[in-house]
Amino acid sequence: MKTRVGVFFGGISVEHEVSVISGLQAIDAMDLNRYEPIPIYMAKDRTWYTGERLTDIEAYKDLDGLLQEVQKVTPVAADNGGVVLQKKPVPKFGKRDVAQIDVAFPVLHGTFGEDGALQGFFELLNVPYTGCDVAASGAGMDKITMKQMLRDEGVPVLEDVWFYQHQWAEQQEALQSKIEENLGYPVIVKPANLGSSVGIGIARDSGSLESVVEEALTFAPKLVVEPLISNLTEVNCSVLGDPEEMKTSALEEVLKTEDILSYADKYQGGSGGKGDQSGTKGGSGMESTDRIIPAPVSEELSEEIRTLAKDTFRILGGSGVARIDFMIDKKDEKVYVNEINTIPGSLSFYLWEPVGKDFTALTHEMIQLALKRERNRERLTFSIDSNLFSLQGNNNGKGGKQGGNKR
Ligand SMILES: Nc1ncnc2c1ncn2[C@@H]1O[C@H](COP(=O)(O)OP(=O)(O)O)[C@@H](O)[C@H]1O
Ligand SMILES: [Mg+2]
């Protein structure tokens with residue numbers, strides 16, 4: 001029997017539309033001899049839908065019409081393992097379940113999709129899922145946690161100052177001095193756990209720092225401030241595997257049109273033409289960003305980036321496919337890891353094609369990695385079968401009095 005793969009896409013983040021594109025691309029790529037992909041769309045109001053028509057990108061132009069034609073569902077744990085998509089509301093008579101899935105394949109970017117929330121949902125449903133687990137997703141999404149883990153292992157990341165909203169409200173002057181002393185202007189201010197350049201701003205003096213911080217705080221309660229690299233080259237590398245065995249993709253140089261790579265640059269195609277490998281602009285997902293593949297960097301630098309990409313993936317506990325983004329300071333050719341994207345746009349398929357791995361092979365490997373993680377876990381014991389409460393009775397209540405002697 002074919003493995004039934006639930007492909008989850010949509011979601012509540014600003015990257016909703018990008019996720020729809022990435023999700024449909026993944027469904028389109030799947031090897032139908034091995035897998036039966038089942039589309040599962042999360043609308044912006046957090047309801048789930050399934051149905052064939054969800055695989056037609058054109059149908060999303062009339063979203064209300066589309067949602068009338070597909071089935072509202074709730075993913076619930078099946079009695080025989082896996083997950084069933086149950087009609088919502090559950091009908092009193094007739095068939096309750098629309099489909100069953102053996103593996104979950106999340107392609108939701110950003111909040112809830114990439115940060116461990118959805119992964120936690122799959123854990124509780126007890127279904128194997130592709131990509132990073134809860135901890136790796138959470139660590140990868142929070143720029144502060146991520147940088148601290150990498151820094152601790154000697155991976156080059158930019159120095160920073162980070163703080164919560166309440167700290168800024170209470171000790172703005174002290175924080176401002178810390179930023180000026182430790183980093184100096186210009187600086188870049190980022191929300192700690194968003195993506196797609198949302199809320200990011202540049203400050204060139206103390207006056208603009210205040211307004212940029214206030215602006216960023218409207219998007220997130222925790223910010224990170226870094227020195228701005230004025231003469232910047234951005235190079236990305238995808239990694240596929242798990243901490244035991246990893247492969248790296250071709251490198252891309254991402255071209256930008258403004259001071260920072262903006263949401264429009266990333267997803268709508270920036271200045272036009274140059275280096276665009278996909279031919280289509282707008283609506284074609286992350287692969288439409290202006291880029292040069294392979295990145296025009298020296299063999300030596302490219303080797304350094306590949307090694308750092310694998311180190312980053314391993315340290316954060318990555319699994320499946322991720323994209324590690326680098327910043328190169330052209331002034332001294334110094335390389336810094338900027339961030340990991342644990343569910344990259346278009347799953348970075350366009351970086352794997354040049355090294356001989358097509359999107360079909362990529363989705364196959366991702367599913368196999370999910371099943372490998374599941375097998376490894378089955379070897380571990382999660383719970384002890386005996387009931388400690390029933391043991392207490394046999395012991396004449398001993399131990400109960402001492403109150404939860406946790407070991
Ligand atoms: N320290 C920096 N110096 C210069 N530009 C930066 C710096 N950090 C980020 N940028 C620019 O801002 C963009 C978005 O920042 P990033 O940290 O990748 O956030 P996001 O998670 O929103 O993608 C980067 O792609 C880059 O163009
Ligand atoms: Mg980025």
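These exercises walk through aromatic rings and charges in a predicted model.

**Exercise 1.** Find how many aromatic pairs the whole structure holds, then classify the pair of Tyr41 and Tyr60.

*Solution.* 
- Step 1. Searching the whole structure gives twelve aromatic pairs.
- Step 2. Take Tyr41 and Tyr60: their ring centres are 5.6 Å apart, and the planes make an angle of 75°.
- Step 3. Centres must lie within 6.5 Å, and planes over 60 degrees apart count as edge-to-face. The pair of Tyr41 and Tyr60 is therefore edge-to-face.
- Step 4. Tyr41 belongs to strand 2 (residues 35-42). Tyr60 sits in the loop between strand 3 (48-50) and helix 2 (63-69). They are 19 residues apart, so the pair links distant parts of the chain.

**Exercise 2.** Classify the pair of Trp162 and Tyr164, and decide whether each residue is buried, partly exposed or exposed.

*Solution.* 
- Step 1. The centres of Trp162 and Tyr164 are 5.5 Å apart, with 75° between the planes. This pair is edge-to-face.
- Step 2. Trp162 has a relative accessible area of 30%. Tyr164 has 33%.
- Step 3. Buried needs under 20%, exposed over 50%. Both values fall in between, so Trp162 and Tyr164 are partly exposed.

**Exercise 3.** Name the charged residue over Trp162, and the one over Tyr129.

*Solution.* 
- Step 1. Over the face of Trp162 lies Lys222, 5.6 Å from the ring centre.
- Step 2. Over the ring of Tyr129 sits the charged end of Arg373, 4.5 Å from the centre.
- Step 3. Tyr129 also belongs to a cluster, linked by ring pairs, with Phe8, Trp48, Phe121 and Phe122.

Conventions: Residues numbered from 1 in each chain as written. Chains lettered and ligands numbered in written order. Predicted model: local features only at pLDDT ≥ 70, side-chain atom pairs only at ≥ 80, totals over all residues. Heavy atoms only, no water. Phe/Tyr/Trp six-rings, centres within 6.5 Å; stacked < 30°, edge-to-face > 60°. Helix = DSSP H or I, 4+ residues; strand = E, 2+ residues; numbered from the N terminus. Buried < 20%, exposed > 50% of the residue type's maximum accessible area, 1.4 Å probe, protein only. Lys NZ or Arg CZ within 6 Å of the ring centre and 35° of its normal.
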